[in-house]
Amino acid sequence: MAIIAGLPGAGKTTVLSKVVELAKREGLRLRVVNYGTLMLKTARAKKFVSNRDEIRRLPIETQEKLQLLASEEINRLGKGRGIIVVDTHMIINTPRGWWPGIPAKNLEKIAPSQIISIEASPKEILRRRGKDTSRLRDTEEISDVEKELLYSRNVAAACSVLTGCPVSVVINREGKIDEAVEEVLSVIRGMKNG
Amino acid sequence: MAIIAGLPGAGKTTVLSKVVELAKREGLRLRVVNYGTLMLKTARAKKFVSNRDEIRRLPIETQEKLQLLASEEINRLGKGRGIIVVDTHMIINTPRGWWPGIPAKNLEKIAPSQIISIEASPKEILRRRGKDTSRLRDTEEISDVEKELLYSRNVAAACSVLTGCPVSVVINREGKIDEAVEEVLSVIRGMKNG
Amino acid sequence: MAIIAGLPGAGKTTVLSKVVELAKREGLRLRVVNYGTLMLKTARAKKFVSNRDEIRRLPIETQEKLQLLASEEINRLGKGRGIIVVDTHMIINTPRGWWPGIPAKNLEKIAPSQIISIEASPKEILRRRGKDTSRLRDTEEISDVEKELLYSRNVAAACSVLTGCPVSVVINREGKIDEAVEEVLSVIRGMKNG
């Protein structure tokens, strides 16, 4: 079971879809589970929400319950064959601050054996978030993303100490996505052999 | 239950007193509990010390016991009405290094649903600590405070993963304390509604 | 029980051997236990490996078992007299990323009352790792070591919150090893008295 995380704009989804494609070619059994989608499924079944956007507007305490139910579902999936990759975030920006994507009691359920953090330069992240970065230099926005990156690594470290699993930081450099994809694949191959 | 923390010199006490004043005006039930004061109360009752300064000179192991007793007291207070705000530190500077303000077993007792970290620029912090900052530039002192700030965020991240609660970093900018106060209030309002 | 950690090249071994020497002179009972050596001993007894290099090539999951056995051994040693100093790493570089030197379940066994992290400047670390640093300026290598240093402090913070023990960061400055040694000794003396 691997957790793959990344800030919005780090390019996690694109990297991950290429990883899945290449993994299939080399016969690696890989199953990607999106944490948010699992939360949405449960939230819908419980009639809490009708769409994804509404989840973010739920009280954090309700979101916590959805998080835990999703983790239990992942725990069940993990009992099958192949490697499960949980697509999620280390931190989620909320009006009440940075919320941990996978708190301790969820980590216990998921019991990951690997964490992969997809990162990119703050400028690149802002560009992918649709900001006009042509005039960005040392702006506040850049320093905010730097803070987010550092903080997400703090959270990854805490998750790593709690679970005992390694954290691989993969930099998704502009125009070099294939390198990032290969790095992720190499870590996953290591899990298979390890 | 919210934990509000900040390095000495970040302006936490001033921010907090204004938060309490405004909260009262809008009818928010807020009760501030000072962790250190609770520790002192217990230490006095047990005849360990007669004043606050002596606490810091107690062996860390004795201070740990006082910490745990204070956490149990806060746990009891939390069963009442309204929002409890625990006024404390993420880290405490001791001759043996950075000591965590609220270690895991205390977090378990306090069970916070929110962490608020009051920060300020290193220069501002040094100024409020009474240093003559007129000649400070990239001095060692500034880089030491930067390290402390980063490290206190590391500790906040670990506390957040352990408890599952969000961390709101509020910057107390010089001359803009009202903005910091409003940010804290907005987080607390979110807790009430959330 | 103290944990003393440092990145390869930080000079931990040299500092530690001088600490032991001076401690003996002043009558401090100090016993240094090398975590890696303990792991190797168990691995050999179990016929997993015949030498130290082979340990790093074992699957992480097997290394985890060795880690836990070593921690149990340290726990037994800790019941004796004097201060045990566990010589180890906060993080270990593996092909699958940063692996935590002492994950939560091991921390529980070791139950340290002090963490000491030996650090040095990235340039100094690279020099001690045998790199030609004469031309190094803002190279990728320097920024990689900076990242490692920051991340190792993230891990130290998580360990500190989990155990409740203080973290002393000791900078081993070039040509000033005696200062680093004295700082470590002073922390250890504090443990004895504390």
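Trainee: How many salt bridges does the rule find across the interface of chain A and chain B?

Mentor: This is a predicted model, with pLDDT of at least 70 needed for local features and 80 or more for side-chain atom pairs, while totals for chains, interfaces and linings use all residues. Residues are numbered from 1 along each chain as its sequence is written, chains are lettered from A and ligands numbered from 1 in the order in which they are written, and side-chain values use heavy atoms, without hydrogens and water. A salt bridge is a side-chain nitrogen of Lys or Arg within 4 Å of a carboxyl oxygen of Asp or Glu. Across the interface of chain A and chain B, the count is zero.

Trainee: Which residues of chain A lose the most area to chain B?

Mentor: Buried area is the accessible area (1.4 Å probe) that two parts lose on being put together, summed over both. Chain A and chain B bury about 1700 Å² between them, 61% of it on carbon and sulfur atoms. Three residues of chain A together make up 36% of what that side buries: A:Arg96, A:Trp98 and A:Tyr151.

Trainee: How many residues does the contact take from each of chain A and chain B?

Mentor: Contact means heavy atoms within 4.5 Å. By that rule, chain A gives 24 residues and chain B gives 23 residues.

Trainee: Which residues of chain A does B:Ser168 contact?

Mentor: B:Ser168 is found in strand β7 (residues 167–171) of chain B; strands (E, at least two residues) and helices (H or I, at least four) are DSSP runs, numbered from the N terminus. B:Ser168 is buried, at 6% relative accessible area, where buried means under 20%, exposed over 50% and partly exposed in between (1.4 Å probe, protein chains only). Leaving aside neighbours within four places in sequence, its contacts include B:Gln114 and B:Val187 in chain B, and in chain A they are A:Arg96 and A:Gly97.

Trainee: Which three residues of chain C supply 36% of the area it buries against chain A?

Mentor: Here 24 residues of chain C are in contact with 23 residues of chain A. The two chains bury about 1700 Å², 62% of it on carbon and sulfur atoms. More than any other three residues, the suppliers on the chain C side are C:Arg96, C:Trp98 and C:Tyr151.

Trainee: How are the rings of B:Trp98 and B:Tyr151 arranged: stacked or edge-to-face?

Mentor: Rings of Phe, Tyr and Trp (its six-membered ring) pair if their centres lie within 6.5 Å; planes under 30 degrees apart count as stacked, over 60 as edge-to-face and the rest as tilted. The structure holds three aromatic pairs over all chains. In this one the centres are 4.1 Å apart and the planes at 20°, so the pair is stacked.

Trainee: How many residues apart in sequence are B:Trp98 and B:Tyr151?

Mentor: Both are buried. B:Trp98 lies in strand β5 (residues 97–100) and B:Tyr151 in helix α7 (residues 140–163) of chain B, so the pair ties together parts whose separation is 53 residues.

Trainee: Where does the salt-bridge partner of A:Glu124 lie?

Mentor: The side chains of A:Glu124 and A:Arg128 meet at 3.1 Å, N to O. A:Glu124 is buried at 6% relative accessible area, whereas A:Arg128 is partly exposed at 32%. The two are four residues apart, about one turn, and A:Arg128 lies, like A:Glu124, in helix α6 (residues 122–128) of chain A.
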